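Please look over the sequence and the structure shown here before reading the short report that follows.

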Amino acid sequence: MSTTRPEGYWSGVFKRLKRDKLTLICSGILLLMLIVMIAAPLIAPHSPYQGSMIRRLKPIGFPGYPLGTDELGRDMIARLIYGGRLSWTLGISPVVIAFTIGGMLGIIAGYAGGWLGMLIMRVTDIFYAFPSVLLAVAISGALGAGIFNAVLALTLVFIPPIIRVAESVTTSVRVLDYVESARASGAGAFTIVRVHVLPNVLGPIFVYATNLISVSMILASGLSFLGLGTKPPEPEWGLMLNTLRTAIYNQPLIAMLPGVCIFITSICFNMVSDGLRSAMDVRN
Amino acid sequence: MTLAPIPDRGGPAQPLLLVKDLSKHFGKSGSVVRAVDGVSFAIRKGETLGIVGESGCGKSTTSRLIMGLIDPTAGEVIFDGEHVGPGGLSVAEFRRQVQMVFQDSYASLNPRLTISESIGFAPRVHGLSREATNARVRDLLAAVGLEPDQFAQRYPHELSGGQRQRVNIARALALRPRLIILDEPVSALDKSVEAQVLNLLVDLKAEFGLSYLFISHDLNVVQYISDRVLVMYLGRVAEIGPVDDLYAHPSHPYTRALLASRPSMDPDHRRTTPPLTGDPPNPVNVPSGCRFHPRCAQVMPKCSAAEPEMVKINADHQAACFLAETVPA
Ligand SMILES: Nc1ncnc2c1ncn2[C@@H]1O[C@H](COP(=O)(O)OP(=O)(O)O)[C@@H](O)[C@H]1O
Ligand SMILES: [Mg+2]
């Protein structure tokens with residue numbers, strides 16, 4: 001007879017994640033990027049702001065500047081690393097805030113139903129009627145340029161879809177027999193949501209939110225590209241893409257670099273999100 | 001706080017549960033689903049009342065109505081002489097005394113909680129201390145035939161269907177209820193496991209002094225476990241009576257058809273009455289008069305015109321059919 005404690009849900013998830021090579025590689029890339037960005041002052045060979053008219057648009061492999069220089073002669077490595085800090089902040093923070101607010105509202109709408117749920121969902125539908133890019137640009141444009149406003153605009157864009165997902169997951173959990181049985185045992189709504197609903201809905205909502213990170217980074221870069229996010233001389237991938245636009249014929253490879261960073265990051269976030277989704281499925 | 005069983009009040013003659021004219025209509029005007037349509041019955045103290053009927057006849061809706069999980073369109077529930085609801089027994093008090101076991105043993109257990117946490121949830125909600133709850137969980141696991149050391153810390157997906165249903169029974173017992181509503185508790189189990197769980201239910205009933213409302217579509221299971229049986233058809237009571245009397249002398253043509261349609265092992269008991277024919281019942285489009293008349297083998301002109309009253313066949317046996325007759329004692 002075995003009396004060892006059998007594995008819990010999360011240890012099972014980690015076990016499945018460990019077998020998923022692609023997800024592991026992508027998480028590794030993201031982790032590496034994060035470490036490099038945190039340790040930016042130690043790693044970056046030059047200042048991201050210090051330019052020089054005599055070394056403008058040097059090619060990749062230029063002595064002392066392995067990734068070349070930008071249109072103002074600033075070191076591309078330094079700008080990409082420091083730019084990552086801003087791009088990641090702009091990409092991730094709206095999703096985190098939207099996950100918290102949207103998740104809460106969606107769970108309330110899904111569990112309470114009735115007029116309250118109806119109200120939350122109808123307001124959500126109104127926001128949902130606009131394409132996300134248009135909405136982000138419109139809100140951002142109305143609020144004015146700046147990092148804070150860009151985050152606010154993107155947060156507002158992501159709250160409605162997260163509410164929708166949270167509401168539908170919660171609605172499907174609410175009707176399960178174990179929730180019914182918890183109601184039948186006389187537990188209050190708050191206790192039922194905390195013990196029975198949250199642990200079963202947070203996973204799917206979280207997975208959906210991680211999926212939004214790539215969209216968010218692209219939108220954030222887009223806002224900066226349009227001049228609605230960060231302002232020069234701040235390094236930010238989207239903004240760099242914009243200012244390097246003029247160099248597309250002289251130094252196409254350098255002009256592409258910020259785009260490559262955005263691309264790799266969003267692909268990796270998407271892969272990790274998908275891997276997480278399948279690892280969290282108990283049937284696997 | 002000890003969460004002791006709640007003592008009897010009305011004495012043995014007072015029904016434990018009285019259901020009066022309970023109705024539940026789903027949906028808005030236009031396509032109303034009359035899932036339960038004026039059902040009345042009593043559950044006596046210490047008895048098992050079985051409810052049989054085809055799928056969709058309103059058995060689960062009836063049990064959810066009793067538990068107060070959905071609001072009735074009409075009707076009332078009386079528990080040990082006290083009206084359940086505002087002005088009477090509070091729903092919270094009522095729910096301590098009545099618990100429920102569902103058909104799907106997996107969906108009935110939160111996949112993120114250990115068995116011990118699932119069983120202990122209700123006692124903790126009702127204020128039992130952690131230590132007392134743990135002790136109670138162990139007692140309950142032992143009572144339902146699961147070794148506490150082996151099962152307490154496991155998760156639902158690691159258990160078999162039969163083991164999970166034992167856990168659900170333990171969970172239903174955790175508040176020391178007086179009535180347990182079992183909605184198809186063995187329908188999803190293998191035949192051999194089914195027998196074990198049924199025997200367990202019989203044992204627990206004696207051990208804890210319980211009454212059961214046992215819902216099933218399986219006539220053999222209901223016959224085995226019930227003291228009295230209620231036959232339901234399209235949201236209404238077709239017939240109700242003591243199990244032996246009802247199975248030996250079914251008075252409603254629907255009961256007869258149901259009994260005739262179950263497979264018989266005995267060649268001497270080949271069916272003599274035709275099995276069920278016609279469209280399966282649809283609670284959106286309820287036939288006029290007697291709801292069974294489109295499928296009835298003994299249908300008469302008046303059956304589509306008027307709805308038959310409950311006829312007393314003998315002291316304890318009633319059927320809603322024009323052909324049912326009172327048998328002199
Ligand atoms: N929430 C609901 N909304 C609409 N119709 C329902 C709902 N629940 C049950 N019904 C309908 O009520 C009828 C009775 O269902 P149910 O009580 O589950 O039957 P049974 O348990 O006897 O199979 C069915 O026709 C079913 O479709
Ligand atoms: Mg049912």
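Which helix gives the most to the lining of the largest pocket, and with how many residues?

## The largest pocket

In this predicted model, the helix that gives the most to the lining of the largest pocket is H9(A), with five residues. Helix H7 (147-174) of chain A, like H9 of chain A, supplies at least two residues of that lining.

The space in the largest pocket comes to about 620 Å³, and 22 residues line the pocket, the closest to its centre being Asn200(A), Pro204(A), Met280(A), Asp281(A) and Arg112(B). Sorted by class, the lining of this pocket holds 15 nonpolar, three polar and four charged residues.

## The second largest pocket

The second largest pocket holds about 490 Å³ of space; among the 27 residues that line it, those closest to its centre are Ser40(B), Val237(B), Ile240(B), Met310(B) and Ala320(B). Two or more residues of this lining come from each of four elements of chain B, namely strand S2 (33-43), strand S9 (228-233), strand S10 (236-242) and strand S12 (317-319). By class, 13 residues of the lining of the second largest pocket are nonpolar, five are polar and nine are charged.

## A helix crossing in chain A

Helix H9 (residues 189-225) of chain A also takes part in a crossing with helix H4 (residues 76-112) of chain A, where the two axes come within 6 Å and cross at roughly 145 degrees. The crossing of H4(A) and H9(A) is right-handed, and the residues of their contact comprise 22 nonpolar, four polar and no charged.

Conventions: Residues are numbered from 1 along each chain as its sequence is written. Chains are lettered from A and ligands numbered from 1 in the order in which they are written. This is a predicted model: local features need pLDDT of at least 70, side-chain atom pairs count only at pLDDT 80 or more; totals for chains, interfaces and linings use all residues. Side-chain values use heavy atoms; hydrogens and water are left out. Axes are lines fitted to C-alpha atoms, for helices over the stretch in contact, and angles run from 0 to 180 degrees between N-to-C directions. A crossing is left-handed if the near helix is turned anticlockwise from the far one by less than a right angle, and right-handed if clockwise. Ala, Val, Leu, Ile, Met, Phe, Trp, Tyr, Cys and Pro count as nonpolar, Asp, Glu, Lys and Arg as charged, and the others, Gly among them, as polar. On a 1 Å grid over the protein atoms alone, a cavity is a set of points where a 1.4 Å probe fits but cannot get out, and a pocket is an open set with protein on both sides within 12 Å along at least five of seven lines; lining residues have an atom within 4 Å of a point. Grid points are joined across faces, edges and corners, and a volume is the space filled by probe spheres set on the points.
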